[in-house]
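Thanks for coming, everyone. Let me put the model on the screen, and then we'll walk through it.

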Amino acid sequence: MMAMNNCARFIILTLSAMWLNVFFVSAGFATTSNFPLENIKFTQDQASLQRGAKIYYDVCRLCHSLKYIKYKVLQEIGFTKEQVDLLRGDIPISASLSKTSSDKMLNSQYGQVPPDLSLMAKARKHGPQYIYTLLTTYSEKEGVYENAVFPGIKMPDALNVANAIDESLKQEIKSKAKDVTEFLLWSSDPRAAVRKTIGTYVVIYFLILSVMLYFIMKRVWSRLDKEK
Ligand code: HEC
């Protein structure tokens, strides 16, 4: 009887620790960036991911590869096989997304090979907010371009935000920046959505288990009380 009692206590303690864990993991973290990053919420909805993929493809791919993302994986954000085929042309479906400019050309033009973007949303602190703010804070003064987040950046103003005076054009560029960032956030962890679904089931499972164990514990203790 005593063994059972200890066992129940052990399980209750373990479960409490698990709940604490769930709480802390979901609680988030604090910021320490110099330039205030835009606090954009990223939803990972499919329409936005697809628009973002196209912007990456049309704009960023000139200089940046996405070496951990293969063409066939694009089907996971809702592209049909035909759409992927159209994007890749003669490139094999199991090849990863490579940049279109050569390292040599990029090196001579920018003094370096632009980094691969597959994991960029994870590599920078507050990655998605950082990328979004980086893309949207270019400015131009007498032909000299500057960036608020990354002063002296060698990357040109890819989305042409510096010269967008018109308010509606500005908004359009901002929504492009958001979409491409959504896509880069996805590319840094394509399994995230699946994992979150599993996570929800695990939490439900623990909930049911906690309730059951609570009643088991009550029964064990009531028997002990009777024995006294
Ligand atoms: C014409 C070439 C070119 C294009 C097009 C381009 N980039 Fe870049 N990018 C660069 C270069 C060069 C760097 C390295 C900058 C540096 O370290 O000074 C860079 C760096 C970056 C970085 C890393 C910044 C850091 O913190 O180190 C991100 C993020 C980025 N680019 C995102 C994008 C996105 C998103 C697009 C498409 C909308 C894009 N780039 C289009 C050339 C380009």
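Where is the place of Asn160? Asn160 sits in the loop between β4 (144-147) and α7. A word on names: helices (H or I, at least four residues) and strands (E, at least two) are DSSP runs, numbered from the N terminus. Asn160 has a positive phi of about 55 degrees although it is not a glycine. Most residues other than glycine have a negative phi. With 13 C-beta neighbours inside 10 Å, Asn160 counts as partly exposed. The cut-offs here: a residue is buried if 20 or more other C-beta atoms lie within 10 Å of its own, exposed if 12 or fewer, and partly exposed in between, with C-beta atoms placed from the backbone.

Before going on, the ground rules. Residues are numbered from 1 along each chain as its sequence is written. This is a predicted model, in which local features need pLDDT of at least 70, side-chain atom pairs count only at pLDDT 80 or more, and totals for chains, interfaces and linings use all residues.

Now the overview. The protein chain has 8 helices and 4 strands. From the N terminus on, their order is α-α-β-α-β-α-α-α-β-β-α-α. Of the 228 residues in the protein chain, 21% are buried. Take the contacts between residues at least 6 apart in sequence: 74% of them join residues at least 24 apart. Contact means that the C-beta atoms of two residues, placed from the backbone, lie within 7 Å.

Next, a helix pair. Helix α2 (residues 46-58) packs against helix α7 (residues 167-187) at an angle of about 95 degrees, with the axes 7 Å apart. Axes are lines fitted to C-alpha atoms, for helices over the stretch in contact, and angles run from 0 to 180 degrees between N-to-C directions. So α2 and α7 are roughly perpendicular to each other. For that label, angles under 35 degrees count as roughly parallel, over 145 as roughly antiparallel, 65 to 115 as roughly perpendicular and the rest as oblique. From α2, the contact uses Ser48, Leu49, Arg51, Gly52, Ala53, Ile55 and Tyr56. From α7 come Lys176, Asp179, Val180, Glu182, Phe183 and Trp186. By class, the residues of this contact are 7 nonpolar, 2 polar and 4 charged. The classes: Ala, Val, Leu, Ile, Met, Phe, Trp, Tyr, Cys and Pro count as nonpolar, Asp, Glu, Lys and Arg as charged, and the others, Gly among them, as polar.

On to the core. The largest nonpolar core has 28 residues, and those touching the most other members are Ala53, Tyr56, Ile77, Ile131, Val180, Phe183 and Leu184. Such a core is a set of buried Ala, Val, Leu, Ile, Met, Phe, Trp, Tyr and Cys residues joined through C-beta atoms within 7 Å. Two or more residues each come from α2, β1 (66-70), α5 (120-123), α6 and α7. The largest share, 6 residues, is from α7. Leu184 touches Leu117, Met120, Ala121 and Ile131, not counting residues up to four places away in sequence.

Follow Met120, which lies in helix α5. With 21 C-beta neighbours inside 10 Å, Met120 counts as buried. Leaving out residues up to four places away in sequence, Met120 touches Pro115, Gly127, Ile131, Leu184 and Ser188.

Gly127 is in helix α6. Gly127 has 18 other C-beta atoms within 10 Å, so it is partly exposed. The C-alpha atoms of Gly127 and Leu185 are separated by 7.9 Å, though the two residues are 58 apart along the chain. His126 lies in the loop between α5 and α6. His126 is not a glycine, yet its phi is positive, about 50 degrees.

How is the shell around the ligand made up by class? It has 20 nonpolar, 2 polar and 2 charged residues. Of these 24 residues, Cys60, Cys63, Pro114, Lys154 and Met155 come nearest. Near a molecule or strand means a C-beta atom, placed from the backbone, within 6 Å of it. Helix α6 (residues 127-136) gives the most to the shell, with 3 residues.

Helix α3 (residues 81-88) has 8 residues, and the count of buried ones is 0. Gly89 follows α3, with a positive phi near 60 degrees. Just after α4, Gly111 takes a positive phi of about 75 degrees.
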